[in-house]
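Subject: A structure for you to explore

Hi there,

I'm handing over a structure for you to look at. Have a browse through it first, and then read on for what turned up.

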There are 2 protein chains.
Amino acid sequence: MEQAQLFRAIVDICILIIAAELATTLSARFKLPRIIGPLLAGVLFSPYILGGLEILGSPLIEYNDIVLIFGEIGAVLLLFQAGLHMRFFELIKSGVAALVVAVMGVVVPFAFGIATSSLLGYDLTVGLIIGGSLSATSIAISLKTLGELNQLGSPEAKLIIAAAVIDDVLALSIASVIIGVVVESQPISTFSFIRSIAATLVVWFAFTAFSAWVIPRFTEYVNTLERLDEAEQHLVPIASLLLCFGFAGLSGLIGLSPLVGAFVAGMAVAGSRFESEVASFVELLGVLFIPLFFILAGAGVNPGAILSGNFLLIGLLGVGAVFTKLIGCGIPAEFFLKDRVKGIRVGYGMISRGEIGLVIASIGITYGIISDEIYAALVAVVFITTLIPPFLLKSSYDSDGITVHRRGFFRNRFLDKGLGVE
Amino acid sequence: MEQAQLFRAIVDICILIIAAELATTLSARFKLPRIIGPLLAGVLFSPYILGGLEILGSPLIEYNDIVLIFGEIGAVLLLFQAGLHMRFFELIKSGVAALVVAVMGVVVPFAFGIATSSLLGYDLTVGLIIGGSLSATSIAISLKTLGELNQLGSPEAKLIIAAAVIDDVLALSIASVIIGVVVESQPISTFSFIRSIAATLVVWFAFTAFSAWVIPRFTEYVNTLERLDEAEQHLVPIASLLLCFGFAGLSGLIGLSPLVGAFVAGMAVAGSRFESEVASFVELLGVLFIPLFFILAGAGVNPGAILSGNFLLIGLLGVGAVFTKLIGCGIPAEFFLKDRVKGIRVGYGMISRGEIGLVIASIGITYGIISDEIYAALVAVVFITTLIPPFLLKSSYDSDGITVHRRGFFRNRFLDKGLGVE
């Protein structure tokens, strides 16, 4: 990496963050959910629109490795923050509810995908790809929206987060089974399917329980080291970052999503005495990284491909994607929370699809299983489902009289206090 | 860049930061200057010692692109911070003094290098390489030490910073002339030498004056944008980072060191209304980046090569390196500051050599001009001069009754306040 390239990349990152901020402001002006701004700014600055404009022979925004790395770090920090809002015993408490919500939220869209593809006259493998793409919830957008609404501590938010984490575990098992079927032509067997999922869940639970036990002890030890000096050194937040990225890597190694590892680390730190110190530190760091994640989520969309797609197919899969999660997650959530409105909110929060869906769709097109048309439709559906939950959640809480937190994308109570911002 | 590699790199970075912190604590315990800790921790964790230990088939610390990038960002942020402590009119005010201190501080070691090599019976080109390597001050270590001593606002510190920036400009001109002579076999001409230096100085001054005029206006404009929203968005600090890295890149493009650009941007922001807001923001970000820079400064040293070097040559060049800067910078500084102690402190602050010296030395060895022995000696001298100023500065201020700031490597008044740290 050339030095000049590095500086260029950081300038681009700053431009994108400022664009994200201004778009957030505009969203608020038009009474839209704030997170919509950065997503649409991402589309606007994507390589397909403004970002690809050539200025003095180089594109306006270069989406090079550094930019992508900052975005990935942003995603990890976001899930780590989410973990900081939940404790292990809370996860256990919402255990059965979260498990049922997650399983139903995966089974219903998966079944829808298989049924639709068979109705349209496609093979079972096409159904596997469509169903797999539609089954995995992506929690980032809902997290950010719930954070804006200051609702991360509510029972429905805790259920959404717990279910989304289990959903991630399930979806990854499904993805690995699909890869087995598609890439290695393994036979499809319901038994091996369920065994694989159960094994992953057990590994994940052991991992979570282990870290909930070991991490608070580790942070206490680091704190002892920090107190050797009278100086203030922020050793505990740095050690927590170490755990966050270490667990993300570890969880990638054992076949889970790195984001699950980051969440587990956050949850374990939440069980220590240093939760608020770590949270404020991570929040400030997030300023440089988290907006990038949302910008990149928007920038990955090629509007041309969507606009030239099969609208009927997009409409069909899009409506299916929304309702299957609403039904699959909303109804069990209503049962467990004993509250219709909160149950529906859980359904809303689970609608977004993301990276796992895109990965499965791209396996489908790479191995020639699905057509360009279906692939474009799946990409469009992932993007559409990303835009919907902020609106639904906001209007649901608005009618409760809970208004949007008057804050920007970034916030930190310590900086606020220090700078005397009103 | 694989995801797993990225996470691994961030874990390594966190380990290095924690090591830097603990080493800082140990230094303080042994009443050493605190910055010595991270430098020696860098040596300890270098690929030549602990960092190279193989654990499960991979080295303990992988010094890959991400780690190096974080270190480079750290150097830029450090010079940006230094710029925030100085205003354009202060630079102008100390203009003549800084210019004389810088020029003498370059001429004396350069003449020493040429004289020594001719006494030792070497060519003039060897003298150019030795003189060039010894002429460029590296300001980072002195900056950090002065910061610890809470002396960044003192007249001697301002003179050190201004002179070091001009020194950087001079040294880069010298380096480019040496490259011309050595690589392109251009004839050596005193006239073209001085013309090249004068041209670089003029470009640098125009660049500095321009940014001192334009940047405060730009930040005002960004602040207007920020105030469109009631939310607090940190647009101004992010825009300042954009300027910092943009100017670093620009300054690289016009043939100056990127660090000069970062300093210029910092100085220009210091002339705006947002100095303290930007300073506290950059300080917190620095936590993740700046310690890496010092660790890498230590990790670049191969102790084996130094220990097997020619001690006589190392001693001769080392003593010369220290005294030529003490004389070249200290005497003019004493004259301008009208204070012997402060003048000597300026001399102390200018002793450190760094990257530019290493670059010139490596050109020398790459083109077969200097022997392995001389190269190893120059590397050793750069490292030794890095270790000396913290001790000299600390003891000079200690005898004034100014004790080391009781702080860690990282500090932020807003975080302190928020966390209620004593």
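A helix here is a DSSP run of at least four residues marked H or I, and helices are numbered from the N terminus. Please keep in mind that this is a predicted model.

With that in hand, let's start with one residue. A:Ile36 belongs to helix α2 of chain A, which covers residues 36-44. Is A:Ile36 buried or exposed? It is buried, because 24 other C-beta atoms lie within 10 Å, and the cut-off for buried is 20 or more. Beyond its neighbours within four places in sequence, A:Ile36 touches A:Ser27, A:Leu387 and A:Pro390. A:Ser46 is 10 residues away from A:Ile36 in sequence, and their C-alpha atoms are 15 Å apart.

Next, a pair of helices. In chain A, α8 (residues 155-183) and α9 (residues 190-226) pack at about 140°, and their axes are 9 Å apart. That angle makes α8(A) oblique to α9(A). Their crossing is right-handed. Residues making the contact include A:Leu170 and A:Val177 of α8(A), along with A:Phe193 and A:Trp204 of α9(A). By class, this contact has eight nonpolar, four polar and no charged residues.

Finally, the whole chain. Chain A has 18 helices and two strands, and 58% of its 422 residues are buried. The C-alpha trace spans about 70 × 55 × 50 Å along its principal axes.

Enjoy exploring!

Methods. Residues numbered from 1 in each chain as written. Chains lettered and ligands numbered in written order. Predicted model: local features only at pLDDT ≥ 70, side-chain atom pairs only at ≥ 80, totals over all residues. Buried ≥ 20, exposed ≤ 12 C-beta atoms within 10 Å, placed from the backbone. Contact = placed C-beta atoms within 7 Å. Axes fitted to C-alpha atoms, helices over the stretch in contact; angles between N-to-C directions. Parallel < 35°, antiparallel > 145°, perpendicular 65-115°, else oblique. Left-handed = near helix turned anticlockwise from the far one by under 90°. Nonpolar A, V, L, I, M, F, W, Y, C, P; charged D, E, K, R; others polar.
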